[in-house]
Amino acid sequence: MSFPTFHEGERAVQQRVGVRERLELLGPRVIRDFMPEQHREFFAQLPFVIAGTVDAAGQPWASVLAAAPGFARSPDPYTLAVQAQPLAGDPLQGTLANGVAMGLLGLEPHTRRRNRMNGVVQGVGSSGFAVQVSQSFGNCPKYIQAREPVYLPDRLASKPVVHNALQLDDAARRMLETADTLFIATAYAGHAEGAGPAGGVDVSHRGGKAGFVRVDADGTLTVPDFLGNFFFNTLGNIALNPRAGLLLIDFDSGDLLYLAVRAEIVWDGAELQAFEGAQRLLRCRVEAMRRVEASLPLAWGPSVLSPALASTGQWPL
């Protein structure tokens with residue numbers, strides 16, 4: 001049985017934006033069921049990858065795995081082997097299991113390269129796990145802030161402090177209000193048999209000028225969505241399933257902020273018109289947060305703002 005490259009949610013968003021016919025031709029050429037050689041080499045040189053999974057209650061979570069470069073390697077074009085364990089306090093500790101869907105994002109910020117791979121987890125063990133490829137594709141370098149990561153294994157020796165709450169605390173608000181990068185995990189919630197490889201879990205990157213995430217008094221988050229590749233993997237999932245998981249990194253302290261949210265797409269209105277460069281908005285209502293102090297074993301070099309953000313604005317005061 002042959003499957004469409006994009007599921008019905010992705011196709012619906014593409015149709016609304018007016019790119020459906022173009023993507024119907026482009027999709028099969030750039031989204032593959034195997035990892036090209038350059039993607040296999042790319043993942044092998046990274047000290048971290050971003051992962052998306054779904055817990056037993058159906059909540060997507062975005063997570064980060066970090067280890068010395070070479071911890072993610074591809075023994076064949078259909079497999080990515082990950083020799084790392086979830087970080088302390090990371091939701092991946094509770095979601096990682098054989099047979100679960102996983103989205104992976106390989107990101108090299110200082111070169112602004114990123115590649116995606118979605119698949120199914122297998123071979124979970126004490127040394128790590130593997131992911132069997134369902135979809136593999138590249139992403140453009142837009143909106144990535146250039147900062148170089150360096151692995152710090154000594155940070156893994158300490159047990160980090162974990163804060164759990166149903167709403168944002170002051171430290172979480174500060175992280176959001178100063179962020180220039182976030183990651184978002186979403187999950188398909190349609191008819192899995194008909195979606196084929198296009199179903200499952202996806203994890204993606206969003207970048208903007210510092211403060212591009214607006215935090216309202218009630219904790220609602222609003223994020224501008226800029227011009228992209230028109231795949232609409234994230235928005236297509238949200239069109240069918242509003243639950244999403246956000247991950248933010250404090251690049252100075254190593255703190256990690258995990259958020260469970262309900263997201264909706266804002267297609268028009270005064271708010272959208274007020275943010276220069278935004279094509280749409282994502283409005284996210286926080287349902288739970290987990291903040292883990294000094295958790296990520298990476299140090300980061302100086303940040304250089306993406307040149308693609310020069311044509312974007314900021315939230316009006």
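Let's start with a pair of charged side chains: arginine 291 forms a salt bridge with glutamate 293, and the closest N and O atoms are 4.0 Å apart. Keep in mind that this is a predicted model. Are the two partners buried or exposed? Arginine 291 has a relative accessible area of 9%, so it counts as buried. Glutamate 293, at 30% relative accessibility, is partly exposed. Why would two such side chains pair up at all? Side chains of opposite charge can do so when their charged atoms come close.

Alanine 294 is partly exposed, with 32% relative accessibility. Phenylalanine 230 also has a positive phi, near 70 degrees. You'll find phenylalanine 230 in the loop between β13 (221–225) and α7 (233–240), and at 19% relative accessible area it is buried.

Back to the salt bridges: how many does the structure hold? There are twelve. One of them brings the side chains of arginine 116 and aspartate 202 together at 3.0 Å, N to O. Arginine 116 belongs to strand β6 and aspartate 202 to strand β11 (residues 201–207), so this pair ties together parts that are 86 residues apart in sequence. Both arginine 116 and aspartate 202 are buried. Another salt bridge links aspartate 225 and arginine 280, again with 3.0 Å from N to O. Here the ends lie in strands β13 and β16, so parts 55 residues apart in sequence are tied together. Aspartate 225 and arginine 280 are buried too. There's also a network of salt bridges that links Arg214, Asp216, Glu271 and Arg283.

Now for a sheet. Seven strands make an open sheet in the order β2-β1-β5-β6-β7-β4-β3, with antiparallel pairing. Which strands stand at the edges? They are β2 (60–66) and β3 (72–76); each has a single partner strand, so one side of each is left without a neighbour in the sheet. From one strand to the next, the twist averages 35 degrees.

Inside this sheet, β6 (residues 113–125) and β7 (residues 128–139) run antiparallel and are joined by ten bridges. One example is glycine 119, whose bridge partner in β7 is valine 133. Over at β3, three bridges join this strand to β4 (residues 79–82). Aspartate 76 stands opposite threonine 79 in β4, and a hairpin of two residues connects β3 to β4.

Note on methods
Residues numbered from 1 in each chain as written. Predicted model: local features only at pLDDT ≥ 70, side-chain atom pairs only at ≥ 80, totals over all residues. Heavy atoms only, no water. Pairing = 2+ DSSP bridges. Helix = DSSP H or I, 4+ residues; strand = E, 2+ residues; numbered from the N terminus. Axes fitted to C-alpha atoms, helices over the stretch in contact; angles between N-to-C directions. Buried < 20%, exposed > 50% of the residue type's maximum accessible area, 1.4 Å probe, protein only.
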